[in-house]
Amino acid sequence: MSKVLVLYYSSYGHIAKMADAVAEGARSAGADVDVRRVKETAPEEVAKSAGFVVADHHAELTDPNELTNYDAIIVGTGTRYGRMSSQMAAFWDTTGGVWAKGGLVNKIGGAFTSTATQHGGQETTLFSIITNLMHHGMTIVGLDYAYEGHTGLDEVNGSTPYGASTIAGGDGSRQPTEIELGGARHQGKRIAELATKVFG
């Protein structure tokens, strides 16, 4: 059984929902899965006035050394101007000690995201996450084309081969669709399956 961490930051709840779907997929492959969030770094008054939603059912992960306890780490965050949020970046900026020890080398990694609009930087945000994971020596698994949701044209969706994603809408009112949640489950399952093959 592989041990999988789904690590996320979510301002408005979209990524929290995607994180739960990623975890569901990983568990369906028999993995032991933890879902954790990174610390909110925005001032409390800013977060409140912007209507940020805190997913209290997931505990914070503050110690980067905990990352070494997992066979696979799947990272999710909303996009900020085509890159990962500052909250998630701030967490990865604390992982220098883990990097120096090669603590994540050969582990399995993946990324998922959310944008406000259809072309709002999903793929560049995914790559900004993936870049961090690759610098740690991780092997990356995206959302492969075995997932049929990639090819459907009946509705707008956030599917991308670099990782699962959703579109929130400019006012945040659009919630992840079943196609998008299905992509998150598929990616979570694939990553857990590979982690089990590698780490047994």
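Predicted model: local features only at pLDDT ≥ 70, side-chain atom pairs only at ≥ 80, totals over all residues.
Which helix supplies the largest share of the lining of the largest cavity? The answer is helix H6 (residues 178-199), which gives 3 residues to that lining. Residues are numbered from 1 along each chain as its sequence is written, and side-chain values use heavy atoms, with hydrogens and water left out.

Let us begin with the empty spaces. Rolling a probe the size of a water molecule over the atoms shows where empty space is left. On a 1 Å grid over the protein atoms alone, a cavity is a set of points where a 1.4 Å probe fits but cannot get out. A pocket, by contrast, is an open set with protein on both sides within 12 Å along at least five of seven lines. Lining residues have an atom within 4 Å of a point. Grid points are joined across faces, edges and corners, and a volume is the space filled by probe spheres set on the points. Helices (H or I, at least four residues) and strands (E, at least two) are DSSP runs, numbered from the N terminus.

By this rule there is 1 cavity of 30 Å³ or more. The largest cavity holds about 40 Å³ of space. Its lining is made up of Leu143, Tyr147, Asn157, Gly158, Ser159, Ala164, Ser165, Ile179, Glu180 and Gly183. Sorted by class, these are 4 nonpolar, 5 polar and 1 charged; here Ala, Val, Leu, Ile, Met, Phe, Trp, Tyr, Cys and Pro count as nonpolar, Asp, Glu, Lys and Arg as charged, and the others, Gly among them, as polar.

The pockets come next. In the largest pocket there is about 260 Å³ of space. Its lining has 17 residues, and those nearest the centre are Tyr12, Gly78, Arg80, Ser114 and Ala168. At least two lining residues come from each of helix H1 (14-28), strand S3 (72-80) and strand S5 (108-115), with S3 giving the largest share, 3 residues. By class, the lining of the largest pocket comprises 5 nonpolar, 11 polar and 1 charged. The second largest pocket holds about 220 Å³. It is lined by 16 residues, with Gln118, His119, Gln122, Asn157 and Ser159 closest to its centre. The lining of this second largest pocket counts 3 nonpolar, 11 polar and 2 charged residues.

Now for the strands. Together, S1, H1 and S2 form a right-handed β-α-β unit: with the strands pointing away from the viewer, the path from the first strand over the helix to the second runs clockwise.

Rings of Phe, Tyr and Trp (its six-membered ring) pair if their centres lie within 6.5 Å; planes under 30 degrees apart count as stacked, over 60 as edge-to-face and the rest as tilted. There are 3 aromatic pairs in the structure. The pair of Phe91 and Trp92 is edge-to-face because the ring centres are 5.7 Å apart and the planes stand at 85°. Phe91 is buried, at 7% relative accessible area, and Trp92 is buried too, at 4% (buried means under 20%, exposed over 50%, partly exposed in between, with a 1.4 Å probe and protein chains only). For Phe127 and Tyr162, the centres are 4.7 Å apart and the planes at 50°, so this pair is tilted. This pair links distant parts of the chain, 35 residues apart: Phe127 is in helix H5 (residues 122-135), and Tyr162 is in the loop between strand S6 (139-140) and strand S7 (165-167). Phe127 is partly exposed at 39%, as is Tyr162 at 32%.

A few single residues complete the picture. Leu133 lies in helix H5 and is buried, with a relative accessible area of 0%. Tyr81, in the loop between S3 and strand S4 (83-84), is exposed at 83%. The phi of Tyr81 is near 55°, a positive value in a residue other than glycine. Asn106, in the loop between helix H4 (96-100) and S5, also has a positive phi, near 75°.
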